[in-house]
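Here is a briefing on one protein chain. Please read it alongside the sequence and the 3D view.

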Amino acid sequence: MTADGFTTVARVGEIDDGGVKLVRYDETPIGVFRLGDAYYALEDVCTHDGGPLAHGIVEGDQIECPRHGARFDIRTGAALTMPAITPVPTYAVRVVGDEIQVGPQGAATTATGAPAASRDARAAAAMDEKPGPVDKPAPSQQEVAVRAALENVMDPEIGLSVIDLGLIREVHFLPEGKTFIRMMLTTPFCPYAPQMMEDVKQATTSVVPQPCEVELMADPWSPDLMPDPGLLGYSF
Ligand code: FES
């Protein structure tokens, strides 16, 4: 470790654009992310339930927790959607020669060495940059109520709920008074899909009485999207 508290964790070129490397800084697991030419370091912990975060889905400058789907801003650590409300701790990153170095917590800098704005300002900026109503964080009470109701909607083929299977990927409450849900299926062309979508709609409207639209995602499902893959006998 250098005198100013930095330690080399990777070489330039080692992390793909949009990729992440899991490293340790002072015994703390850290995900070092690359977005374009910039690097960011977040503690490998989801502030919702303490699960590992770095191997979640990276979309643009956001990462989605593989357990219950909370999204965080990779650049700031800010929690963007439920069920997380607390930011993930950030660490400083700098590039010296071809070495990527991680430094003390909280002093977030990018690879260019430019100091980041304060956490509040960064979180506010992240909110301002949101592209549209679909990406706005859901009101917590409503989303919690919807997810609780969906625990009773079963995938008849597997015998687990759509929540246990991690099929409900996004829940949004649109300003025009509509609930919008994006869900996956465990297998493409699942014969139970129409019934499950209808059940999701009914369970949702039973707790949030407004029109509900359910959209099927084409993305392939895998057990690591489940909050507890152990329910299917997997461990990650
Ligand atoms: S542990 Fe990450 S959303 Fe629950």
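This is a predicted model: local features need pLDDT of at least 70, side-chain atom pairs count only at pLDDT 80 or more; totals for chains, interfaces and linings use all residues.

Residues are numbered from 1 along each chain as its sequence is written. The protein chain has 3 helices and 14 strands. Helices (H or I, at least four residues) and strands (E, at least two) are DSSP runs, numbered from the N terminus.

**Confidence**
- The pLDDT, which is the predictor's confidence in each residue from 0 to 100, averages 82 over the protein chain.
- A score of at least 70 is reached by 83% of the residues.
- Residues 112-139 have a pLDDT below 50. Beyond near neighbours in sequence, this stretch has 37 contacts in the model. Two residues are in contact if their C-beta atoms, placed from the backbone, lie within 7 Å.

**Overall make-up**
- Of the 236 residues in the protein chain, 34% are buried. A residue is buried if 20 or more other C-beta atoms lie within 10 Å of its own, exposed if 12 or fewer, and partly exposed in between, with C-beta atoms placed from the backbone.
- Take the contacts between residues at least 6 apart in sequence: 47% of them join residues at least 24 apart.

**The open sheet β12-β13-β14**
- This open sheet has 3 strands in the order β12-β13-β14, with mixed pairing. Two strands pair if DSSP finds at least two bridges between them.
- β12 (168-174) and β14 (212-216) are at the edges with a single partner strand each, so one side of each has no neighbour in the sheet.
- From one strand to the next, the twist averages 15°. Axes are lines fitted to C-alpha atoms, for helices over the stretch in contact, and angles run from 0 to 180 degrees between N-to-C directions.
- β13 (residues 178-183) and β14 run parallel, joined by 5 bridges. Arg 182 stands opposite Glu 215 in β14.
- Helix α3 (residues 193-207) packs on the sheet and touches β13 and β14. The direction of α3 makes about 145° with that of β14.
- β12 and β13 run antiparallel, joined by 6 bridges. Val 171 stands opposite Ile 181 in β13.
- The β12 and β13 hairpin has 3 residues between its strands. Gly 177 in the turn has a positive phi of about 85°.

**Pairings of β4**
- Strand β3 (residues 28-35) and strand β4 (residues 38-43) run antiparallel, with 6 bridges. Val 32 stands opposite Ala 41 in β4.
- Their hairpin has 2 residues between the strands, and Gly 36 there takes a positive phi near 65°.
- β4 also joins strand β8 (residues 90-96) through 2 bridges, and these two run antiparallel. Thr 90 in β8 is the bridge partner of Leu 42.

**Backbone exceptions**
- Most residues other than glycine have a negative phi, and most peptide bonds are trans.
- The bond from Met 82 to Pro 83 is cis, with omega near 10°. Pro 83 lies in the loop between β7 (71-73) and β8.
- Asp 26, in the loop between β2 (20-25) and β3, has a positive phi near 55°. Asp 26 is exposed, with 12 other C-beta atoms within 10 Å.
- Glu 27 is also in the loop between β2 and β3, with a positive phi of about 75°. Glu 27 is exposed, with 5 other C-beta atoms within 10 Å.
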